[in-house]
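Please open the model in your viewer and keep the selection tool at hand. The tour below moves from one selection to the next and says what is found at each stop.

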Amino acid sequence: GYDTMKNFDMNCWICGDKGTPGEHLIKASDIKMLFPDISQKKPAYKHTSNRKNIPIGSKKSNRLKSNALICKKCNNQRTQAYDSAWESLSCYIYDNWNTINQTNRIDLRKAFSGCIEGSAKNFHLYFLKLFGCLLVESKNYKIANEFAISIRTKDPHNDVFIFFVKTADFIGQSCVGISDLDVIYFDGSNLIRASWVYMIGELSLRIVYLHPDHSHLEPIRGWNPKYLSDVINITNIG
């Protein structure tokens, strides 16, 4: 097992084998849904806190990749089911947004065919993979290592919650992208809370890691597959 905090900058942070930068922080299928005609001649534009109007000419542009290292096996074979679960849920949300927008509810029984529990776990683990990449980039290796264990064992992380929020309520307009990672430390070094936002059109997912000893920092508990509900409610505040 790869259960130490060594060599995260040299090897795959999930399994410890040799890795390369490769995980797209915005899923290609999500970009294709929102920008079906994206091309080098008709690019979308990426904005960061440091730079604006970076042209993105492909849904698989290297400019959307994390700098965290992942091996080919982990990025494809090991986590393929995780990617597929989010793609299924994302497509369902996109195709049924008018109803979801009115009811403020996402029915997983309609979004997933077959085993809802397994699909819900896989969808959670997909965002754990993206979250881990952000933690590695910010040198928060201890919690990233916990996420790596969850990904390898296919066991959701108890302390990661997802809040579903309407994008317009969160930032005032619809968009596609991710936010910066927001972190809180205790005693200057112990990570007790980390959060970021994945924005996909009209809906945003705010993904939060919260140390169980500091639950007061998040008064409303978000969605986690270990507390499985067939219906996910959209919250009014992110």
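Buried here means under 20% relative accessible area, exposed means over 50%, and partly exposed lies in between, with a 1.4 Å probe and protein chains only. Helices (H or I, at least four residues) and strands (E, at least two) are DSSP runs numbered from the N terminus. The model is a predicted one, in which local features need pLDDT of at least 70 and side-chain atom pairs count only at pLDDT 80 or more, while totals for chains, interfaces and linings use all residues. Residues are numbered from 1 along each chain as its sequence is written, and side-chain values use heavy atoms, with hydrogens and water left out.

Select helix α3, residues 80-95, first. Its buried residues are Tyr82, Asp83, Ala85, Trp86, Leu89, Ser90, Tyr92 and Ile93. In an α-helix there are 3.6 residues a turn, so residues three or four places apart point the same way.

Stay with α3 and display the second largest pocket, to whose lining α3 gives the most, with 4 residues. A pocket is an open set of points on a 1 Å grid over the protein atoms alone, with protein on both sides within 12 Å along at least five of seven lines, and its lining residues have an atom within 4 Å of a point. The space in this pocket is about 490 Å³, and of its 24 lining residues the closest to the centre are Glu23, His24, Asn75, Asn76 and Asp83. Besides α3, at least two lining residues each come from β1 (20-21), α1 (28-34), α2 (72-78) and α6 (116-137).

Next, select α7, residues 141-153, where the buried residues include Tyr141, Ile143, Phe147 and Ile151. The buried residues of α7 pack, by contact (heavy atoms within 4.5 Å), against α2, α3, α6, β6 (160-166), β9 (190-201) and β10. On either side of this helix, look at the backbone: Lys139 is in the loop between α6 and α7 and has a positive phi near 70°, and Lys154, which follows α7, has a positive phi near 60°. Most residues other than glycine have a negative phi.

Finally, go to Glu218, in the loop between β10 (203-210) and β11 (231-235). Is Glu218 buried or exposed? Glu218 counts as buried because its relative accessibility is 14%. Leaving out residues up to four places away in sequence, Glu218 touches Phe163, Arg193, Arg206, Val208 and Leu210.

How values were computed. 1 Å grid on protein atoms, 1.4 Å probe; cavity = no way out; pocket = protein on both sides within 12 Å on 5 of 7 lines; lining within 4 Å. Points joined across faces, edges and corners; volume = space filled by probe spheres on them.
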